[in-house]
There are 2 protein chains.
Amino acid sequence: MRVAVLGLGAMGAPMARNIHAAGHELCVFNRTRERALPFATLGATIAETPAAAARGAAVLLVNVSDTPDVTGMLFAPGSGAVEGLSAGSLVIDCSTIAPAAARAHAARLAEHGIGCVDAPVSGGPEGAARGTLAIMCGATTADFERALPILKLLGQRIVHVGPPGAGQIAKAVNQVVIAGTYQALAEGLALAAGLGADATRVLDAISAGAARSWVLENRAGNMLRDDYPAGFRMKLHRKDLRIALEEAERAGVRIPLTELVAACEDRLIAAGLGDADVSALARAVREDAHLPPGPFPHSETP
Amino acid sequence: MRVAVLGLGAMGAPMARNIHAAGHELCVFNRTRERALPFATLGATIAETPAAAARGAAVLLVNVSDTPDVTGMLFAPGSGAVEGLSAGSLVIDCSTIAPAAARAHAARLAEHGIGCVDAPVSGGPEGAARGTLAIMCGATTADFERALPILKLLGQRIVHVGPPGAGQIAKAVNQVVIAGTYQALAEGLALAAGLGADATRVLDAISAGAARSWVLENRAGNMLRDDYPAGFRMKLHRKDLRIALEEAERAGVRIPLTELVAACEDRLIAAGLGDADVSALARAVREDAHLPPGPFPHSETP
């Protein structure tokens, strides 16, 4: 099958590789052309516009940063993918964008007889490389089922959440839940440090019970060491929280914990931590807690 | 070994049963004498005062509600356990109390040559009955090791966190972390509901990734159904948060998420939900989010 991939960033590039490795004919487009060049050696076609990449593709995968990027890739006059796609083709948008925009994109594509699945992912570049992403899908049942053979090359847990936009709602909820879970862990560690306890032993004591979480199991170590190597970049998480907060406001839903975390992330990004892992949130929590900067007192790395 | 147990509530009673089942000679005291009567049929002695229960005991286990209760059990003039305990005996206090009080108790007992372990637990009445509690210990190494044979009858994950008081610090951290994790999940569900998504499917989509937690796995169902059967009672969690917030304030540590959750719990307890499971926090979150009361829209019980 001919598959076009728009956007070859940290997520899009490994996804394109997995699609190619499964034997599909690949055509790629990336705004910064240099990032597309390695795909030429794989035998992929490098297109000059999204429309050119889309021509003849049965499926078009999009993986860019934000709502306006996706809208431009799909609908920019003269160069948008919609000008190359045929009726009966299918767009799978793995970008994290506003649910309302995802619904609008699906409606505009439907006017051309083109299917659409909003399919934001979680699992990071490692998950993309291994093909083990979690994929949250919004689509009609027919479009979801057509997308499945490609989605199965990219991820392991693939859930049809609901109609167009529902995948983006799930992603927004995901980011809200992890935001609060990071804040909760950071406050716990700040309390332990403020009371003079060994954070490693405290975590050891609480990690098997109701305080257990992915965040505790996988990111507490970053917080203890005050070292936040690339994982999920804070500026991208903040972008996702902006979407969640805008959607919440539009729906009249107040989510105060998410507002609290977003404000902390704003300060940290302004201080130059936008490319640090989200767990760097502990720095803001520690500052607010009036603790000195540096690692949390702990006996060894858990 | 002769073991005295003070406090036969939802936690203390099953703990006493496990100690008796292991072949120890049991002497019990409970403020409401009726709760002690079933232990007479087991062959336990029912004492009229903590001091009487303590007489001849090698180990004395305390399991009551709050700091002043423990202080009274141990040190009330004329009836406190310290008046019955011999030098060389050991107090194991499984109550959740202030770390500073735990340190003070240990110091006062040490003046009489009595060892002390603060050993707050998590895992609830089910964990107490099955002997699978998590136990967070603050003690000297010698006292911790002396306590281990009894602790192993009560729990599975037994961690020596640090010196006296350190067990209580770990417990306070535990309650802070779970408070925020509940709030985070409730905000996520409120957002899903506000945006019209099916909460069951959203949870299905996010539960394998970074949003995963014990709270999500074990209490999201309560929130979806708006039904909060006995688990961990909110008024007890609020008591533990009071300890955490008082300790934080004393240490000059601000933990704003914990403050937020404590304020929500105050409202819910005032509204009569003190005996509901902590997951009833979703009611306050939903109210703040301007969502109608009742279950979150969802397709089936996860």
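User: What should I know about the model and its numbering before I start?

Analyst: It's predicted: local features need pLDDT of at least 70, side-chain atom pairs count only at pLDDT 80 or more, and totals for chains, interfaces and linings use all residues. Residues are numbered from 1 along each chain as its sequence is written, chains are lettered from A and ligands numbered from 1 in the order written, and side-chain values use heavy atoms, leaving out hydrogens and water.

User: Is B:Leu74 buried or exposed?

Analyst: Buried means under 20% relative accessible area, exposed over 50%, partly exposed in between (1.4 Å probe, protein chains only). B:Leu74 has 1% relative accessibility, so it counts as buried. Its C-alpha atom is separated by 8.8 Å from that of B:Leu109, 35 residues apart along the chain.

User: And which class does B:His24 fall into?

Analyst: Buried too, with a relative accessible area of 18%.

User: How much area do chain A and chain B bury between them?

Analyst: Buried area is the accessible area (1.4 Å probe) that two parts lose on being put together, summed over both. Here that's about 5,200 Å², 69% of it on carbon and sulfur atoms. A:Glu187, A:Leu191 and A:Leu195 supply 12% of the area chain A buries against chain B, more than any other three residues.

User: How many salt bridges cross that interface?

Analyst: Look for a side-chain nitrogen of Lys or Arg within 4 Å of a carboxyl oxygen of Asp or Glu. The rule finds four between chain A and chain B. One salt bridge joins B:Arg157 and A:Asp204, with the closest N and O atoms 2.8 Å apart.
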